[in-house]
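Reader: I would like to go through a structure feature by feature. Please give the general idea each time, then the case at hand.

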Amino acid sequence: MPASPLATKKFLFSLILGWITLMLVQGFFLSSYFHFPLKIVVSDSLLSNSLLLLASLLILNMTRYYLPSTYQYTNVIGSCLVITGLWLFVSNSLLKLFLGDNEAYASFLNTSLVVRAGIAFLVLTIVTIAAILWYNWVEKQKVEQRRTDADRLSRDAELFKLRQQLQPHFLFNSLNSINALIGLNPQQARKMVQQLSDFLRGTLKKEESQLISLTEEINYLNLYLEIEKVRFGNRLMTAIIVGDDTKEMKLPTLLLQPIVENAIKFGLYDTIGETLIKMECMVDQGDLCILVSNPFDPETSLPKTGTGFGLTSIRRRLYLLYGRNDLLTTKTKENIFFTIVKIPQQHEQSSNN
């Protein structure tokens, strides 16, 4: 059940201000145009408007438990007419009881019934419409909140699914490499198992952290690169350039590993000889910008498509987190493939607040 609009300061202030204005206007007309004594002016204005206020509070309480639909406003008008009639009967009876000894005022009461009823009906209708609009607004806010919560749960579920897919994807590749090394180089296989264990232990500790600093992410990336260097030996060379002003910037955890894995895939699988995988981290208009480059053979590789689980999952994660499709882009220059990722920092600050 929604709270009463009287709990809203603006609504309560408007109601009080309206009633004070109504009492002053009524008192002004009774005093200036009909020249009634001050006692009659104050008593009439105070009594009739106090009863009208009680009638308005009754309507506010009714609309709290009964909110008409679009096609039931005839019921609203009918209710206002009934309450107006009750108000007119009670107020006239009390005014005659207390002030009826003044013949001029008693005559005024009889001749002003229609005007009083019209004003009371107008006031009660305005209060009723305001209450209905307020309750509809509250209900709309609740519906929007439920939709937002549902969207957030759906987004979190998809992000979790992507995270769960990422771990087996990397794990299977590493296990296949370990399997290949067991017969050829058992010592290297044992080293790779230990490095894989360290990497997975570190990532599991950060499973609940949505965002981490670039320094932490680079540390995890280095663990992954050590594993890959065991696989590829001297063929794999890496260069990671991190600006001092980017070290504490935030980014989603495990974002860089699939990007670098994609670079290794296209850089080493289809080329021979030593291959340099380069990463540069810089600030671009207040946001974190990460540029990953790798060579490729244009005759055997199709990096322009940007296909594969790695980049697809990163693009989807960035969209779910930031609502933008332009945060991951790719380009080629001669035989170098570039992956550019931008991580908005203002978004992170506002969401953390």
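Reader: Is lysine 247 buried, partly exposed or exposed?

Author: This is a predicted model, and the values below are computed from it. Lysine 247 has a relative accessible area of 36%, so this residue is partly exposed.

Reader: Which residue does lysine 247 meet in a salt bridge?

Author: The general idea comes first. Side chains of opposite charge can pair when their charged atoms come close. Here the side chain of lysine 247 meets that of aspartate 244, at 3.4 Å from N to O. Aspartate 244 counts as exposed, at 65% relative accessibility.

Reader: How many salt bridges does the structure hold?

Author: The structure holds six. One of them joins the side chains of arginine 146 and glutamate 139, at 3.9 Å from N to O. Arginine 146 is partly exposed at 48%, and glutamate 139 is partly exposed at 38%. Another is formed by glutamate 280 with lysine 278, where the closest N and O atoms are 4.0 Å apart. The cut-off for a salt bridge is 4 Å. Glutamate 280 has a relative accessible area of 25% and is partly exposed; lysine 278, at 28%, is also partly exposed.

Reader: How should I read a helix, and which residues of helix 1 are buried?

Author: An α-helix has 3.6 residues a turn, so residues three or four places apart point the same way. In helix 1, the buried residues are Phe11, Leu15, Trp19, Gln26, Gly27 and Leu30.

Reader: What span should helix 1 have, and how far apart are its end C-alpha atoms?

Author: Helix 1 covers residues 9-32, which is 24 residues.

Reader: Where does histidine 35 lie, and what is its phi?

Author: Histidine 35 lies in the loop between helix 1 and helix 2 (38-65). Its phi is positive, about 55 degrees, although histidine 35 is not a glycine. Histidine 35 counts as exposed, at 61% relative accessibility. Glutamine 285 also has a positive phi of about 55 degrees and is not a glycine. Glutamine 285 sits in the loop between strand 4 (275-284) and strand 5 (287-295), and is exposed at 77%.

Reader: How are two packed helices described, and at what angle do the axes of helix 3 and helix 4 cross?

Author: Two packed helices are described by the angle between their axes and the distance between the axes. The axes of helix 3 (residues 73-99) and helix 4 (residues 103-111) cross at roughly 170 degrees and come within 10 Å. An angle over 145 degrees counts as roughly antiparallel, and helix 3 and helix 4 are therefore roughly antiparallel to each other.

Reader: Which residues of helix 3 and helix 4 meet?

Author: From helix 3, Asn92, Leu95, Lys96 and Leu99 meet Tyr105, Leu109 and Asn110 of helix 4. By class, this contact has four nonpolar, two polar and one charged residues.

Reader: Is threonine 339 buried or exposed?

Author: Threonine 339 has a relative accessible area of 2% and is buried. The cut-off for buried is under 20%. Threonine 339 is found in strand 7 (residues 336-343). Leaving out residues up to four places away in sequence, threonine 339 touches Ile259, Ile290, Leu291, Val292, Leu311, Leu328, Thr329 and Thr330.

Definitions and conventions: Residues are numbered from 1 along each chain as its sequence is written. This is a predicted model: local features need pLDDT of at least 70, side-chain atom pairs count only at pLDDT 80 or more; totals for chains, interfaces and linings use all residues. Side-chain values use heavy atoms; hydrogens and water are left out. Helices (H or I, at least four residues) and strands (E, at least two) are DSSP runs, numbered from the N terminus. The expected span of a helix is 1.5 Å times one less than its number of residues. Buried means under 20% relative accessible area, exposed over 50%, partly exposed in between (1.4 Å probe, protein chains only). Contact means heavy atoms within 4.5 Å. Axes are lines fitted to C-alpha atoms, for helices over the stretch in contact, and angles run from 0 to 180 degrees between N-to-C directions. Angles under 35 degrees count as roughly parallel, over 145 as roughly antiparallel, 65 to 115 as roughly perpendicular and the rest as oblique. Ala, Val, Leu, Ile, Met, Phe, Trp, Tyr, Cys and Pro count as nonpolar, Asp, Glu, Lys and Arg as charged, and the others, Gly among them, as polar.
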